[in-house]
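Here is a friendly tour of the fold for your next look at the viewer. Have the sequence to hand as you read.

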Amino acid sequence: MEERKASYTRTTGETDITIAINLDGAGVASVDTGIGFLDHMLNSFAKHGFFDLSVKAKGDLYVDSHHTIEDTGIVLGKAIKEALGDKKGIKRYASFTMPMDDALVLSAVDFSGRPYLVYDLNLTTPKVGDFDTEMVKEFFYAVSYAAEMNIHIKQLSGDNNHHIIEAAFKAFANAVKEASRLDERLDGNLLSTKGAL
Ligand SMILES: [Mn+2]
């Protein structure tokens, strides 16, 4: 099978980001965004999705974490879209419910070709480390638009903000892993009555 991987670079006045992903990897990650908690989340995304992932992000962190987190989401979405290629033979959608102690978070995804985010996390602290918790929504919104995919993130329970966010990233990783997997019954065809994704 041809390896499904891509590398994408985006440079603006605010950030300079390169992400490489192999959807059929082993969960090997090298991540440096300058934001410790974002590195932790992207390492988790790679490990639990079995994606090989390289993330190099240099952002204007002297402003705040906004541009770096949002733009990392954009570049990750672009890399996922490029790695999926023509989407022929993939399962296309999947959902996963991730427990993490007190937290239980569901993520459902569809590589439909349409961007959409439904976000429902109840985060109660403004920051985890130097990561602004309001940026979780912006990150997944950016991924959904750049990858042209539906993303649902829904908290079913949880109190600890670190656990809730980490469960969301791990649920998302598992949903993407399953949805991007090839289903041999499709025999290389698209899972769509429209014939387009
Ligand atoms: Mn953790």
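Predicted model: local features only at pLDDT ≥ 70, side-chain atom pairs only at ≥ 80, totals over all residues.

Residues are numbered from 1 along each chain as its sequence is written.

**Helix 2**
- Helix 2 covers residues 66-84, and its end C-alpha atoms are 27 Å apart, which agrees with the 27 Å that its 19 residues should span at 1.5 Å a residue. That expected span is 1.5 Å times one less than the number of residues.
- Just after helix 2 comes G85, with a positive phi of about 60°.

**The whole chain**
- The protein chain has four helices and 10 strands; these are DSSP runs numbered from the N terminus, with helices H or I of at least four residues and strands E of at least two.
- Starting at the N terminus, the order of elements is β-β-β-α-β-α-β-β-β-β-β-α-β-α.
- The C-alpha trace spans about 50 × 40 × 30 Å along its principal axes.
- Buried residues account for 42% of the 197 residues.

- Four strands form an open sheet in the order 5-6-10-7, with mixed pairing; two strands pair if DSSP finds at least two bridges between them.
- At the edges lie strand 5 (93-100) and strand 7 (116-120), each pairing on one side only.
- Strand 5 and strand 6 (residues 103-110) run antiparallel and are joined by eight bridges, with T97 opposite L106 in strand 6.
- These two strands make a hairpin with two residues between them, and D101 in the turn has a positive phi of about 55°.
- Strand 7 pairs with strand 10 (residues 150-157) in the parallel sense, over five bridges, and D120 stands opposite K154 in strand 10.
- Helix 3 (residues 135-147) packs on the sheet, touching strand 7 and strand 10, and its direction makes about 160° with that of strand 7. Contact means C-beta atoms, placed from the backbone, within 7 Å; angles run from 0 to 180 degrees between N-to-C directions of axes fitted to C-alpha atoms, for helices over the stretch in contact.

Terms used
Contact = placed C-beta atoms within 7 Å. Buried ≥ 20, exposed ≤ 12 C-beta atoms within 10 Å, placed from the backbone.
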